[in-house]
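Here is a short briefing to read beside your model. Keep the sequence and the 3D view open as you go.

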Amino acid sequence: MDINITGRNFDLDNSIKKYVHKRLDKLEKMYRRIYKCEVILEEEKERKKAEIILYLKRNRVVAKEISPDIYASIDNASESIKKQLRRLRGKVSSRRRKLMLSKLMKPVARFGASPEIVIPEQRERIIKSNTFAGKPMLPEEAKLELELMGRSFIMFKNADTGEANVLYKRHDGNYGLIEPDF
């Protein structure tokens, strides 16, 4: 990473340059796609201003901090840049993940699907919701109620066990009873 340090109304000495390099080298380990970095250190009366600009492949990240001490300004600006880089890395990985999923989910033409055939998406929906009576009944009572309703199955609370059961009419005319076994 190329680091360019500029001082405005400020004398740059080697200790400050070393400190800036030390703080920004940690950023390069965290995010390797930084190709250029500009650091502008400025003094205005009692305020010391540090501005860090990172140039990435497609983005630019900027952080400005003002404090009475130049070292504190550099620390605060570098922490702000770290937060922004973490956020940016999360966005990039999320974007990559979405791209990979979209590539995996698309039908592949070379495996036999011709591009002219379009299969419409059909989603099964719950059209109607029924509740069953909470009153306990015996399987024989449930059989009578099933015959009266004219449906293929009924869910009921078994009076003997207290569990929810399902009674259904089989194709051979007999009845089946489903009891849960937890």
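Is Lys45 buried or exposed? Lys45 is exposed, with a relative accessible area of 79%; exposed means over 50%, buried under 20%, and partly exposed in between, using a 1.4 Å probe and protein chains only. Please note that this is a predicted model, in which local features need pLDDT of at least 70 and side-chain atom pairs count only at pLDDT 80 or more, while totals for chains, interfaces and linings use all residues. Residues are numbered from 1 along each chain as its sequence is written, and side-chain values use heavy atoms, with hydrogens and water left out.

**Loops with positive phi**

- Lys45 lies in the loop between strand S2 (36–44) and strand S3 (47–55); helices (H or I, at least four residues) and strands (E, at least two) are DSSP runs, numbered from the N terminus.
- Although Lys45 is not a glycine, its phi is positive, at about 50°.
- Asn9 also has a positive phi, near 55°, and is not a glycine either.
- The loop that holds Asn9 runs between strand S1 (2–8) and helix H1 (14–30), and Asn9 is exposed there, with a relative accessible area of 63%.
- As background, most residues other than glycine have a negative phi.

**Buried strand residues**

- Asn165 sits in strand S7 (residues 164–169) and is buried, with a relative accessible area of 1%.
- Beyond its neighbours within four places in sequence, Asn165 is in contact (heavy atoms within 4.5 Å) with Ile154, Met155, Phe156, Asn158, Leu177, Ile178, Glu179 and Pro180.
- Ile154, one of those partners, belongs to strand S6 (residues 153–158) and is buried at a relative accessible area of 7%.
- With neighbours within four places in sequence set aside, the contacts of Ile154 include Ala142, Leu146 and Met149, as well as Asn165, Val166 and Leu167.
- Between Ile154 and Tyr168 there are 6.4 Å in space, C-alpha to C-alpha, and the two are 14 residues apart in sequence.

**Salt bridges**

- The structure has 8 salt bridges, each being a side-chain nitrogen of Lys or Arg within 4 Å of a carboxyl oxygen of Asp or Glu.
- Glu43 pairs with Lys48 in a salt bridge of 3.5 Å, N to O; Glu43 is partly exposed at 25% relative accessibility, whereas Lys48 is buried at 15%.
- A salt bridge also links Arg47 to Glu44, with the closest N and O atoms 3.0 Å apart; Arg47 is partly exposed at 46%, and Glu44 is partly exposed at 32%.
- Arg170 forms a salt bridge with Asp172, where the closest N and O atoms are 3.5 Å apart, and Arg170 is partly exposed at 40% relative accessibility.
- Salt bridges that share partners also connect Arg23, Asp75, Glu79 and Lys82 in one network.

**Positive surface patch**

- A patch of positive charge on the surface brings together Arg33, Lys57, Arg58, Lys83, Arg86, Arg87, Arg89, Lys91, Arg95, Arg96 and Lys98.
- Patches are made of residues with over 30% relative accessible area and no salt bridge, with like charges joined within 9 Å and nonpolar side chains (Val, Leu, Ile, Met, Phe, Trp, Tyr) within 5 Å.
- Lys and Arg count as positive, and the place of a charge is NZ of Lys or CZ of Arg.
- Lys98 is in helix H2 (residues 70–105) and is exposed, with a relative accessible area of 58%.

Notes. Areas by Shrake-Rupley, 256 points an atom, 1.4 Å probe, with all protein chains shown as cover.
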